[in-house]
Amino acid sequence: MNKIFTHAKIAGIAAAVPKEIVDLKSFSDLFGDNNVDKIMKVTGIKSVRRAPKGMTVSDYCVYAAEKLISELHIDSADIDGLVFITESPDYLVPHTSAILQDRLGLPKSSIVFDINYGCSGYVYGLFQAFMMIESGYCKNVLLCAGDTLSRKVNPKDKASQMVLGDAGTATIITAIDEARPVAFSFFTDGSGAKHLIIPAGGARIPHQAGKTDILNVDADGNARTDEDFYMNGMEVMEFTLHDVKSVIQDAMDLVNWDKAEVDLFALHQANALIVKYIRKQLKADKEKVPFALENYGNSSSGTIPVLLCNKYSGVNRDFKKVLIAGFGTGLSCAAGTIGLESTVILPTYEL
């Protein structure tokens, strides 16, 4: 599915992360120095952020949104749409976007909804926001995205424990009069859904004491229950290297961009190795494909805003052509062509 929008732009981006920093070296006693060093080298991650008990992704999104609304001098009453992207909502019922609407003081007439999405969720959220504005229904849409998935990782699962981090982000998309083409491209292969999954605890496989909560150890020494987050890193890597490039190319083709013209490739920050491989596939300059996961960890749909806030807040930039791409859970991939030359990018806040 491909679509071009012409009358909306990203007005501002903000991100908030937990203050708690977990140095990966602290896992040496549990997983061994060699394992820790290997994971740090492959992923490029030195530390991750962990949300304390009682804090959820919506708390970080609210903080980021309040900062952004204030900085942009937008009245909350003028925000008529809210899209919340996460895999770790506050409750099973009700939808967290309703809670965000109330906490942020948005109009009760606003259209608000949740989307259960992971790694490519930020691009999907932008697509929804642009679509809401293009339809004429909304003038200003607040996109909140992020996760606190670390709580669903077993402490003895080194494959995920030293990769996932927590964060919440806010992006405001607003209507404009001048035509500015923005394109999106999507790809989903649901046959790979099992490779990034929490198998039990939902409607399909409910919690069963003594069964779904039993600790199992795999061949690589990772321990987890069926109620914990599971990632098959090799399968996800293969999917990324096989399918992401074509989705990125599809988005660029829709607006007739040559990759040499692109000012920035803002990719989902899965790990340093994946970002490096995609950069090589694109034959793009290193400075155009940044990596900013070192001190944050993979926050799922929050990584692209965290990347932008970490690298480009307060930086003199002229990013007229930016390619964003998310890939992972689903398995899915989404790419979009946007401009950030007039976008307010705030620093990454600690909360």
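1. **Ground rules.** This is a predicted model, in which local features need pLDDT of at least 70 and side-chain atom pairs count only at pLDDT 80 or more, while totals for chains, interfaces and linings use all residues. Residues are numbered from 1 along each chain as its sequence is written, and side-chain values use heavy atoms, with hydrogens and water left out.

2. **The sheet.** Strands (E, at least two residues) and helices (H or I, at least four) are DSSP runs numbered from the N terminus, and two strands pair if DSSP finds at least two bridges between them.

3. Strand E5 (residues 81-86) runs parallel to E6, and six bridges join them; Val 83 has Phe 113 in E6 as its bridge partner. Contact here means heavy atoms within 4.5 Å.

4. **Thr 169.** You will find Thr 169 in strand E8 (residues 167-175). Thr 169 is buried, with a relative accessible area of 0%; buried means under 20%, exposed over 50%, and partly exposed in between (1.4 Å probe, protein chains only). A polar atom of the Thr 169 side chain lies 2.8 Å from the backbone oxygen of Ala 145. Leaving aside residues up to four places away in sequence, Thr 169 touches residues including Ala 14, Cys 61, Leu 143 and Pro 305.

5. **Thr 174.** Strand E8 also holds Thr 174, which counts as buried at 15% relative accessibility. The side chains of Thr 174 and Asn 140 are joined by a polar contact of 2.6 Å. Such a contact is a pair of N or O atoms within 3.5 Å; within protein, one must be able to donate a hydrogen and the other to accept it, and residues adjacent in sequence count only if both atoms are side-chain atoms.

6. **Ile 345.** In strand E17 sits Ile 345, buried with a relative accessible area of 6%. Ile 345 and Gly 12 are 333 residues apart in sequence, yet 5.7 Å apart in space, C-alpha to C-alpha.

7. **Helix H7.** The 22 residues of H7 (residues 233-254) reach 31 Å from first C-alpha to last, close to the 32 Å expected at 1.5 Å a residue, where the expected span is 1.5 Å times one less than the number of residues. A kink of about 40° is centred on Asp 243; the bend is the angle between axes fitted to the seven residues ending at a residue and the seven starting there. Asp 243 is also among the buried residues of H7. Just after H7, Asn 256 takes a positive phi of about 60°.
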